[in-house]
Amino acid sequence: MTSANTAHSVVEPSTGTRRLAGSIVVLYAIITMIPLVWIMLTAFKSPDDAISYPPKVTFKPSLEGFCNLFTTRSRQTPDFIRSLGPPQGLCDSIARSRNMVVAGPSNYAPRFVNSLIIAFGSTVLAVALGTLAAYGFSRFRVPLKGDLLFFILSTRMMPPIAVAIPIYLMYRTVGLSDTRLGMILLYTSVNVSLAVWLLKGFIDEIPREYEEAAMVDGYTRFQAFVKVVLPQATTGIAATAIFCLIFAWNEYAFAVLLTSGNAQTAPPFIPIIIGEGGQDWPAVAAGTTLFVVPIVVFTVLLRKHLLRGITFGAVRK
Amino acid sequence: MSLDANRSALRRSLADGLLRRGPLEAVATTIIAAGVVMLMQPFSLTLYSWSFATTLLGTVMFTIVSKVRE
Amino acid sequence: MNELSASSRIAYRAAMVRPGVARRIRGLSDRTLAWLFITPTIVLLLAINIFPLLWTIYLSFTNYRANRPNAPVIWLGADWYQSILTDPDVWAAMQVTAHFVIWTVVIETVIGFGLAFLIDKKFRGHGIWTTIILLPMMLSPAVVGNFWTFLYQPQIGLFNYVVAFFTGRDASSFQMLGDVKLSPWAIVIVDVWMWTPYVMLICLAGLRSIPDYIYEAAEVDRASKWRQFWSITLPMALPFIMLAVLFRGIENFKMFDMVNLLTGGGPGSTTEVASITLKRAAFESWRTGYSSAFAIILFVSVFGLANIYVKALNKVKSR
């Protein structure tokens, strides 16, 4: 590997080239990570540290951001606070040190739960529908197959705002506005196109001989699908599911236009977290951090399938 | 006889050349691209006004052309 | 090996199949089954994508306003289309979009291809660093837009501090989001930060699809590295680059979430990209008919480009 003069390594880059390439890429990676790391650091800063100039790299970690994220507080006189009993929990004592008392939970937890329900609900639906349709397109002769597949893909290309106008009117008419069910259906319809395209690729790769052997053995086509194809496609289905999950988790345009309370997800909520006198940056950063961590984990899990996902299955490796 | 065969082959290839999917698709693609450029160019309001019609024409043409057999 | 275990499993399971159920499902021909499998997806897409689209087309010819659902609806013909396509303000929004699309795509392609070229040198640990570089594009554009407003704060933001540190200017002397000249670039910077990895990933696939023997042949012919780059690497990776350019172009043409959170179209209308104009017309002034017509104009452009994109996709697929 290190010797550059062996016969097969005519096209292999030299060690020097590799080192240079490596250091430039690493430098880029570090620079590109700074904003993200900065937000995660800010989540653990006190409000004063968060807005200090010059920006503080070392600071005393504080959970105030997370407390402010999950609670609402009201300002009280020191006398009133002294008249209360001992503080209940960490957040209460932080709030009291700022002459405030915890008034109740904030809306972040319900928004986060909405995000979870809507993301998982739409993913399950999209993957289920997508698997069936992908198998249909992969194995059967369907009239106008090419057109149908293009139609399915093109629905994902529509500008979200253009779709949001009639969806808004439609949901208002049938009573689906600001409901989780409405958002689940909407995200399913967006995700199903990706699911069909990706899963068709994965199912195409499973040899037909497997099902044919099963059918010779007395399975019906449907049984062969359930017992032979589905187990073989597990990896593909899992990768597709994570892609759908990430899309639904991250979606903002539909969420901000079509939900206001009940079914609002975290992305439209995080930007409107405000404290006294402007945005409460540690709380916003804490909300962002909690929201982003699952994505970081999923990205690492998905790294082998990323390319496939973002090219709608066109590029396999 | 061989001459005849040659001539009909020539005729067929001419027809293919004009009505084949490839070149027609390229024309449609160019029209769509032109429409989008017209929509966003900063030079002429007239071009901007006609951009939508151009893109629509290109898209319709592309859809029809993609039905022509390869 | 795999086949063997699969077929033995099948033989075992086949013995367990209940005859009644089997007969009933066997009654379904492949054709029926195909439709049973595909129909739910098509129905969902018809209900949530195509029906609304047709409704939008209808509304775009009327004076309907969503905040006055009971007012009489008047058929206006192509009036809205005419007024949008002759409106210098909308034209200006299209130019703002053009500035955003062109610069993001150019910068992302140059940096993305460069990074892919370097990563393709397969230095030690390139896998983990590639994964790290990919992170920004997996995040929510809304959350990204939101936290960049923090980085762009003139007094306290990290971005201003870093620029001040390297240029010696005062950190509060410029506002990335509040300045008419700077804000169009502020949104470009964030988009480049977020989406360069996307271009990089696709370019990397392109570079890896070039077989080694072509380079070996070039070495035998004593072609210089420079020459090899221009006559082998770039042309062979071009379909992939086109794919990335088209996709980023389409996505940024309809960009909404990130810009909405970063600037909301401001200051004035200097960063008002098409989707924000559309959102203002549709959900702030409630000119539903007008905004439907605008939506159709944008949609047709995107649809046209999507046709080209799918063509590029198939070209790459056949490689």
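These legends accompany several close-up views of a predicted model. Local features are described where pLDDT is at least 70, side-chain atom pairs count only at pLDDT 80 or more, and totals for chains, interfaces and linings use all residues. Residues are numbered from 1 along each chain as its sequence is written, while chains are lettered from A and ligands numbered from 1 in the order in which they are written.

**View 1. Chain C is built from helices.** Chain C holds 14 helices and 0 strands, where helices (H or I, at least four residues) and strands (E, at least two) are DSSP runs numbered from the N terminus. Its C-alpha trace spans about 75 × 70 × 40 Å along the principal axes. The radius of gyration of chain C is 26 Å, whereas a compact globule of 319 residues would have one near 20 Å; the radius is taken over C-alpha atoms, and the globule rule is 2.2 Å times the number of residues to the power 0.38. Of the 319 residues in chain C, 46% are buried. Here a residue is buried if 20 or more other C-beta atoms lie within 10 Å of its own, exposed if 12 or fewer, and partly exposed in between, with C-beta atoms placed from the backbone.

**View 2. Chains A and C meet.** Among the 2 pairs of chains that touch, A and C have the most contacts; two residues are in contact if their C-beta atoms, placed from the backbone, lie within 7 Å. Here 95 residues of chain A are in contact with 87 residues of chain C. Helix 1 (residues 15-42) of chain A supplies the largest share of chain A's side, 16 residues. That side divides into 72 nonpolar, 16 polar and 7 charged residues. In this count Ala, Val, Leu, Ile, Met, Phe, Trp, Tyr, Cys and Pro are nonpolar, Asp, Glu, Lys and Arg are charged, and the others, Gly among them, are polar.

**View 3. Chain B also meets chain C.** In this view, 16 residues of chain B are in contact with 17 residues of chain C. Helix 3 of chain B gives the largest share of chain B's side, 9 residues. By class, that side has 10 nonpolar, 6 polar and no charged residues. Chain B and chain A do not touch, and their nearest C-alpha atoms are 9 Å apart.

**View 4. A look into the largest nonpolar core.** Such a core is a set of buried Ala, Val, Leu, Ile, Met, Phe, Trp, Tyr and Cys residues joined through C-beta atoms within 7 Å. Of the 200 residues in the largest one, C244(A) and C203(C) touch the most other members. Helix 14 (residues 288-317) of chain C gives the most to this core, with 18 residues. Not counting residues up to four places away in sequence, C203(C) touches several residues, including F113(C), F240(C) and I241(C).

**View 5. Helix 9 of chain A has a bend.** This helix (residues 180-204) has 25 residues and reaches 34 Å from its first C-alpha to its last, close to the 36 Å expected, a span of 1.5 Å times one less than the number of residues. Helix 9 of chain A bends by about 35° at N191(A), the angle between axes fitted to the seven residues ending there and the seven starting there. Because 21 of its 25 residues are buried, helix 9 of chain A is largely enclosed by the rest of the structure.

**View 6. M242(C) sits in helix 11 of chain C.** M242(C) counts as buried, with 20 C-beta neighbours inside 10 Å. M242(C) and I202(C) lie 40 residues apart in sequence and 9.7 Å apart in space, C-alpha to C-alpha.
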